[in-house]
Amino acid sequence: MKIGRSMLAGAGFLALGCVPGWAWAQQVTGTPGSPGATTTITGKQLPSPDPKFGGAIKQKASESTPWWAPRIVPPRGAPNVLLIMTDDQGFGAPSTFGGVIPTPAMDRIAKEGLRFTNFHSTSLCSPTRAALITGRNHHSVGFGVVGEIATGYPGYDSIIPIEKGTIGTILKENGYATSWFGKNHNTPSYQSSQAGPFNQWPNGMGFDYFYGFVGGDASQWQPNLYRNTTAIYPFEGNPGWNLETAMADEAIGYIKQLKEIAPGKPWLVYYVPGATHAPHHPTPEWIKKISDMHLFDDGWNKVRETIFANQKRLGIMPQDAKLTPWPDGLPQWDSLSFDEKKLFIRQADIYGAYLAYADHEIGRVVQAVDDLGELDNTLIIYIGGDNGASAEGMVNGTPNEFTTFNGVSVPVKDQFLWYPFWGSERTFPHYAAGWAWAMDTPFKWVKQVPSHFGGTSQGVVMSWPGHITDAGGVRRQFHHVIDIVPTILEASGIPAPDMINGIPQSPIEGVSMVYTWDKANANTPTRHETQYFEMLGNRAIYHDGWVAATTPATLPWELSTKTPPDVITGYNWELYNVVDDPTEANDLASASPDKLKQMQDLFYSEAKKYNVLPLDNSTLTRWNTPRPNLTAGRTEFSYSGELSGVPASAAPNIMNKSYTITADVDIPEGGAEGMIVTEGGRFGGYGLFLSKGDFGVGRGRVVFLYNLLDLKRTIWEGPELEVGKHRVTFDYKADGTNLGTGGTGVLSVDGKEVARNSLEHGIPVTFPEDETFDVGLDTRTGVALVEYRYDTPFKFTGKIDKLTFELGRSNQ
């Protein structure tokens, strides 16, 4: 039955507008008012207003006419969308963009579609992700920096404004099924507890289903994993479980379920694995496979040359492009000792295995879409990393990434303690910074550096059979992560809304990439003519083939507490013509001062427009800045029974201060064991518990253990607790309030001192981000390693009547 516009108007509907590339008219199927009728919507107001009742109501049902509102569906031909982005990958890492690491899934999409060689991110994780899902610049949506160092300015508060809705919300309200798998680094850290609010979680940002972890990183063996907003622990009692495989299984099951229940319903699957952000956690099979290939044995300088040659051979880089020089701040491979080379090759093998493993699991998801007969109906966008390769392992790498975040460098000789099981659950590893520079071939710089392409260039592949027909083509137009949302909207025929939930929406700031799909447009000029970059005070501006950029004032692989230079006057600027010089090898600042001044003025104009101001190049002070949270101003905390999965932002913070922990416990007949309270785990933290004992010996001893970043464990030991009620107290007096200050702790039972010990240093900045505060049990990993070792969840088998924390003051 054909539906006329007058009938639609009478039913409370509007005719659709137009989107470039689409001749829109409202699409209705079925008889209006029948249960099976569907309709598209204008999409300008979301959710779409409920239509007026179109039937007739009399006194009797027999004389009345029922009427059902039609189900909202996307326009005909709207594709499924599989949006994939890996983490910290580096432009030159995957084989698809000249790298030595095999990435056949990415290769497959490239061969069936297009490779984009001039696509850019923000240079850091959560800012790129906020820009990706909103189509706006990262400062526009509150993510001028990663959420862990958010500050109280609109461009930096880590809150996506409600007037800047996500692609999840837009597609969901237009009839898509929407889901998010993997890393969620866009929930403010101070809103990540069980108390919410949940509007900044994936489910509150338009994604019907979420399966993944919250925060910047997570162990792939024991992650802080959630299904929607509920913590889950599928790895418990499941040796060999790994999140890379588990989330692929979950996504495949989700897509299959949709196909079987609602075969005509398009879906958005946002698939963002933790790989290859530290910790590098591939399975043993992948470690052997990549290690046996000896990809990195010649060292980072030779690997870089190999990658660059591959890039020219593949057409990724023009034949006249120049390889940028190796930096003075990183060692040449030939200058290293035998032990350094051995360790660094091992680190790179684990990283390569992690990337290859992640790509394999992505390939499984793509193949599942194919097996379900949906590949021709699916737009696949695969972004190789959310920023450049990471140098956050420092010059020598580390077996535990949290040593970096706490300002501790681990000597090479000490790292060999972890060499045999590098990449296993016993490590939280990161490679040496030299590998990061190599993985960003042919560019200069790395993650955290937005001024140069090494920090922002991402290899992107995109396919949609029948719509992207230039199979294997290469595109060099300049584009940015904010261009993905408008690309999806144009491909699906859905307009950006004017209003969501009654809130007027600000314009999308990116431009669609669909114009590049036709072979005839392979060399057409970019439509993304201007783009600013800024992170941690470092900055750049792209305009019409030119880039003006500051020279980084600090090195991402060095830990410095020195005062940074003046954020405006303390930086040198460089100038590049990236049409002729795509690798930024030839600085033209001295030769073209007028052009440089023009570009600098343009940067500040864009900065005012997109909430970039005020510029701030501090780091440590921002990490410790006060933020809204559930513990602000509190010095006393009280708990009882069990409580688990509480993030650090909602837990008592014992770092850099004096504190007292008091536990009133009741021990049953036969004694007790288990965790009373803990925060952190294997890679740093503390625990107050009753020991498990060995073969029944030593069970029930009172223990307080402080784990200094898996480098040193300090233990206070008390007696076994007899049946009945007891008060256990751990009183710690800090030597000062400086970062990492030491102090003296006293463990008491029923008012009697049973142990006294000192810490030379405490953890200064952060416990492991993927661990939590737990009372009455210990989730994920345990703080003990050998002495007093236990298996999680190590539930307390007595009763916790009351547990209190009293915190002293700190200067943080």
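Trainee: Which residues lie nearest the centre of the second largest pocket?

Mentor: In this predicted model, Gln222, Glu425, Arg780, Arg789 and Thr792 lie nearest the centre of that pocket, out of 22 lining residues. The space in the second largest pocket is about 650 Å³. Its lining comprises eight nonpolar, seven polar and seven charged residues.

Trainee: What makes the largest cavity a cavity, and which residues line it?

Mentor: A cavity is a set of points where a 1.4 Å probe fits but cannot get out, whereas a pocket is an open set. The largest cavity holds about 100 Å³ of space. Its lining includes Ile654, Met655, Tyr706 and Leu759. By class, eight of the lining residues are nonpolar, three polar and one charged. In total, five cavities of 30 Å³ or more are found.

Trainee: Why is the contact between lysine 183 and aspartate 87 called a salt bridge?

Mentor: The cut-off is a side-chain nitrogen of Lys or Arg within 4 Å of a carboxyl oxygen of Asp or Glu. For lysine 183 and aspartate 87 the N to O distance is 2.6 Å, so the pair qualifies as a salt bridge. Lysine 183 belongs to strand 7 (residues 177-184), and aspartate 87 to the loop between strand 5 (80-85) and helix 2 (104-112), so that the pair links distant parts of the chain, 96 residues apart.

Trainee: How do you know that lysine 183 and aspartate 87 are buried or exposed?

Mentor: Buried means under 20% relative accessible area. Lysine 183 has a value of 0% and is therefore buried; aspartate 87, also at 0%, is therefore buried. Salt bridges with shared partners join Asp87, Arg129, Lys183 and Asp386 into one network.

Trainee: What makes lysine 447 and aspartate 88 a salt bridge, and which parts of the chain does the pair tie together?

Mentor: Their closest N and O atoms are 3.0 Å apart, which is within 4 Å, so the pair is a salt bridge. Lysine 447 sits in the loop between helix 11 (433-439) and helix 12 (453-456), and aspartate 88 in the loop between strand 5 and helix 2; the pair therefore ties together parts 359 residues apart in sequence. Both lysine 447 and aspartate 88 are buried. The whole structure contains 29 salt bridges.

Trainee: How do you know that the buried residues of helix 2 lie on the same side?

Mentor: The buried residues are Ala105, Met106, Ile109 and Ala110. They cover an arc of only 140° around the axis, and therefore share one side of helix 2. Pro104 and Lys111, on the other side of helix 2, are exposed.

Conventions. Residues are numbered from 1 along each chain as its sequence is written. This is a predicted model: local features need pLDDT of at least 70, side-chain atom pairs count only at pLDDT 80 or more; totals for chains, interfaces and linings use all residues. Side-chain values use heavy atoms; hydrogens and water are left out. Helices (H or I, at least four residues) and strands (E, at least two) are DSSP runs, numbered from the N terminus. Buried means under 20% relative accessible area, exposed over 50%, partly exposed in between (1.4 Å probe, protein chains only). On a 1 Å grid over the protein atoms alone, a cavity is a set of points where a 1.4 Å probe fits but cannot get out, and a pocket is an open set with protein on both sides within 12 Å along at least five of seven lines; lining residues have an atom within 4 Å of a point. Grid points are joined across faces, edges and corners, and a volume is the space filled by probe spheres set on the points. Ala, Val, Leu, Ile, Met, Phe, Trp, Tyr, Cys and Pro count as nonpolar, Asp, Glu, Lys and Arg as charged, and the others, Gly among them, as polar. The arc is that of the directions from the helix axis to the C-beta atoms.
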